[in-house]
Amino acid sequence: MAYVLLGAAIALELVATTLLKYTEGFTKLFPTLGCIGLYILCFYCLSRSLLRLNLGIAYATWSGVGIIATTIISAVVFRQGVSAVGLVGIVLIVVGCILLNLYGNAH
């Protein structure tokens, strides 16, 4: 259940971050309200997932997946490019998240 809540937090954060672009510096009311509301729900789900997950692993997964998915969204929706160095960075993030989830818990 903790990973389901973490997944929900990630999904909510992605929608909120995408809406953040549409707020135009918080000058548009409805995207701003949606963005703020979704961030509140996102942090609620993240906090609930932390009842069972290690903070470092959960946060690394949340931010890593968020960075990767946001980069994809920015490329597809907003037509913003990604450099070769940026792609290498994304690969390193994925590897780091995998390593943390497999071996990050101290026993």
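Helices (H or I, at least four residues) and strands (E, at least two) are DSSP runs, numbered from the N terminus. That is the term we need first.

Now some ground rules. This is a predicted model, so to speak of local features we need pLDDT of at least 70, side-chain atom pairs count only at pLDDT 80 or more, and totals for chains, interfaces and linings use all residues. Residues are numbered from 1 along each chain as its sequence is written, and side-chain values use heavy atoms, with hydrogens and water left out.

Start with the whole chain. What elements does the chain have? Four helices and zero strands. From the N terminus on, the order reads α-α-α-α. The C-alpha atoms fill a box of roughly 50 × 35 × 15 Å, taken along the principal axes.

Next, the surface. Accessible areas come from the Shrake-Rupley method with a 1.4 Å probe; for residues, only the protein chains shown count as cover. The accessible surface of the chain comes to about 6,900 Å². Carbon and sulfur atoms hold 73% of that surface.

Now, buried or exposed? Buried means under 20% relative accessible area, exposed means over 50%, and partly exposed is in between, with a 1.4 Å probe and protein chains only. Of the 107 residues in the chain, 31% are buried.

One more term: contact. Contact means heavy atoms within 4.5 Å. Take the contacts between residues at least 6 apart in sequence. Of these, 69% join residues at least 24 apart.

Let's go inside. A nonpolar core is a set of buried Ala, Val, Leu, Ile, Met, Phe, Trp, Tyr and Cys residues joined through side-chain atoms within 4.5 Å. The largest one here has 16 residues. Which residues have the most contacts inside it? Leu6, Ala9 and Trp62. The elements that give two or more residues to this core are α1 (2-22), α2 and α3 (55-76). The largest share comes from α1, with eight residues.

Look at Leu6 up close. Leaving out residues up to four places away in sequence, Leu6 touches Leu46, Ser49, Leu53, Ala58, Thr61 and Trp62.

Ser47 lies in helix α2. Ser47 and Ala9 are 38 residues apart in sequence, and their C-alpha atoms are 9.0 Å apart in space. Ser47 counts as partly exposed, because its relative accessibility is 37%.

The C-alpha atoms of Thr70 and Thr17 are separated by 7.7 Å, and the two residues are 53 residues apart along the chain. Setting aside neighbours within four places in sequence, Thr70 is in contact with Leu14 and Thr17. Thr70 is partly exposed too, at 26% relative accessibility.

On to the loop between α1 and α2. Glu24 lies there. Phe26 has its place in that loop as well. Neither is a glycine, yet Glu24 has a positive phi of about 50°, and Phe26 has a positive phi of about 60°.

Thr32 is found in α2, residues 29-49. Not counting residues up to four places away in sequence, Thr32 touches Thr23, Phe26 and Thr27. Why is Thr32 called buried? Because its relative accessible area is 11%.

Now the cysteines. A disulfide is a pair of cysteine sulfur atoms within 2.5 Å. How many does this rule give? The count is zero. Take Cys42: its sulfur is 7.4 Å from the closest cysteine sulfur, in Cys45, so the two are too far for a bond. Cys42 is buried, with a relative accessible area of 0%. Cys45 is buried as well, at 12%.

Patches are made of residues with over 30% relative accessible area and no salt bridge; like charges are joined within 9 Å, nonpolar side chains (Val, Leu, Ile, Met, Phe, Trp, Tyr) within 5 Å. A salt bridge is a side-chain nitrogen of Lys or Arg within 4 Å of a carboxyl oxygen of Asp or Glu. Which residues make the nonpolar surface patch of about 690 Å²? Val91, Val94, Val95, Ile98, Leu99, Leu102 and Tyr103. Ile98 is partly exposed, because its relative accessible area is 45%.
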